Amino acid sequence: MSDTIEMGDTVTFNYEGKVEDGSTFHTFDEDPLAVELGTGALIKGLEEELIGMAAGEEKTFQVTPEKAYGVENPNLVQTVEKKLFADAGMNPEPGLVFKTPNGNCHITRVLDDKVEISYNHPLAGRTLDYHVKVMNVAKK
């Protein structure tokens, strides 16, 4: 049996994730993740890069949108009246995530009297930079 990660193994790892502009979406100081590979819990590009690594190993790599959260779909972006937010007691700010009857969405822009919202994943269309450290590999 190999000591390296294979599909179906449960991997405990920590990572730092950044988008191409350098902003961080996940840091090492958060709790490590323990995930069974092949269950769909991870984006495809991250899972592919973990395959073949071993406990104690570190790696830096990029994941394209196609292997991450997909490309942005313009059909999932809408403009709504800013008044809707005031009526709900909300202050619309870019990045704010909220639930609607159509699912989760986030604010992408706030205009004078309109607010642009997107039902795309907030990281859709972004190339992601990862630095991963594998803590443990539990074989399937």
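Modeller: The side chains of Arg126 and Glu20 are joined by a polar contact of 2.7 Å. A polar contact is a pair of N or O atoms within 3.5 Å; within protein, one must be able to donate a hydrogen and the other to accept it, and residues adjacent in sequence count only if both atoms are side-chain atoms. The model is predicted: local features need pLDDT of at least 70, side-chain atom pairs count only at pLDDT 80 or more, and totals for chains, interfaces and linings use all residues. Residues are numbered from 1 along each chain as its sequence is written, and side-chain values use heavy atoms, with hydrogens and water left out.

Biologist: Where is Arg126 found?

Modeller: Strands are DSSP runs of E with at least two residues, numbered from the N terminus. Arg126 is in the loop between β8 (114-118) and β9 (128-138).

Biologist: Does Arg126 count as buried, partly exposed or exposed?

Modeller: Buried means under 20% relative accessible area, exposed over 50%, and partly exposed in between (1.4 Å probe, protein chains only). Arg126 counts as partly exposed because its relative accessibility is 23%.

Biologist: Which residues is Arg126 in contact with, leaving aside its neighbours within four places in sequence?

Modeller: Contact means heavy atoms within 4.5 Å. With those neighbours left aside, Arg126 is in contact with Val19, Glu20, Asp21, Val63, Thr64 and Pro65.

Biologist: Why does Asp9 count as buried?

Modeller: Asp9 counts as buried because its relative accessibility is 0%. Asp9 lies in the segment before β1 (10-19). Its side chain makes a polar contact of 2.7 Å with the side chain of Lys139, and reaches the backbone nitrogen of Lys140 at 3.0 Å.

How values were computed: Helix = DSSP H or I, 4+ residues; strand = E, 2+ residues; numbered from the N terminus.
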